[in-house]
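Trainee: I have a chain open and would like to talk it through. Can we start with its overall size?

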Amino acid sequence: MKISLLLLIALFVNMLTVQCTQQQMQRQVFESRTVVLDIGHYYAPGRGGQGARTPDATQGGALEECEFWYKYAGEVKNVIERSGYKCLVINRGDTPTDPALATAAKRAGVIQVRTPQPTAVYLSRHHPKRMAVGMLSADYALDWKPAAVIFLHLNSDSDTWRVSNKGAFYCNKVGVSMAIAMAEHLNRTIFNRSMPNGGFPCGVIVRTDGHKGGGDWLNTCNDSWVPALITEVAFLSNPLHARFLNNPDNARSLARSIGEGAVRYLRNR
Ligand SMILES: [Zn+2]
């Protein structure tokens, strides 16, 4: 009798402690004014960016997603910082050897997150049941106790040209309202305006399965109550999107729109 009562008390105390920690973590995220932007994939000297590429250079030039975001992440950062938030840009590889990309990286203040093997799977330091290639970036982002983490990518669903209109923000559970705010903003400013998308709006897809795209980065952020999303809003395999992205003015406006969408979310939290 006595033992079962003690057990009950211990369980209750444990429950309260878990709840307290959870509330503390949620408050910390809510009060944070730091946004981390992670440039997806990495740059290999001599081979270039190691993300998705356009099938060829016929739509105004060849594009690769890591190189694209080395060029334009600074635009996203500027919008966020001008709105009074701190913004860090990170990438898990070394600084690009391409001089133009190296200059852009310097201008954006890109922090190279030390990753001994950029293609290896790492366990999360914050939540060791989570693992993925690129996890050290997600861990580094969480070290900053951020309000949000944005993984900068471009999508591709084919090795040849194919018009796809399923661009979306892939978000974690606690990032749904951020993804919706950002998708709404892109629909007002980019989708079916400067960027042709067959009348389809920007989507929002919740990802909780680490085996699908994005590995466990979204989950490890979710475990810390940090809204996170992957920007898969344009397709390098879509000739219309590639033509759009190859125009630097369009690329900058897409980047700025992503920053503005994030700020809209942060201000209305
Ligand atoms: Zn990618």
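Mentor: With 269 residues, a compact globule would have a radius of gyration near 18 Å, and the chain has 20 Å, which agrees. That radius is taken over C-alpha atoms, and the globule rule is 2.2 Å times the number of residues to the power 0.38. This is a predicted model: local features need pLDDT of at least 70, side-chain atom pairs count only at pLDDT 80 or more, and totals for chains, interfaces and linings use all residues. Residues are numbered from 1 along each chain as its sequence is written.

Trainee: What does the C-alpha trace span along its principal axes?

Mentor: About 80 × 40 × 35 Å.

Trainee: New topic. How many helices and strands are there?

Mentor: The chain has eight helices and 11 strands. Both are DSSP runs numbered from the N terminus: helices are H or I with at least four residues, strands E with at least two.

Trainee: How do α2 and α3 cross?

Mentor: Their axes come within 9 Å and cross at roughly 25 degrees. The axes are lines fitted to C-alpha atoms over the stretch in contact, with angles from 0 to 180 degrees between N-to-C directions. So α2 is roughly parallel to α3, a word used for angles under 35 degrees.

Trainee: Which residues of α3 make the contact?

Mentor: Leu101, Ala104, Ala105, Arg107 and Ala108. Contact means that C-beta atoms, placed from the backbone, lie within 7 Å.

Trainee: And Met182, what is in contact with that?

Mentor: Leaving aside neighbours within four places in sequence, Met182 touches Phe169, Ile258, Gly261, Ala262 and Tyr265.

Conventions
Contact = placed C-beta atoms within 7 Å. Parallel < 35°, antiparallel > 145°, perpendicular 65-115°, else oblique.
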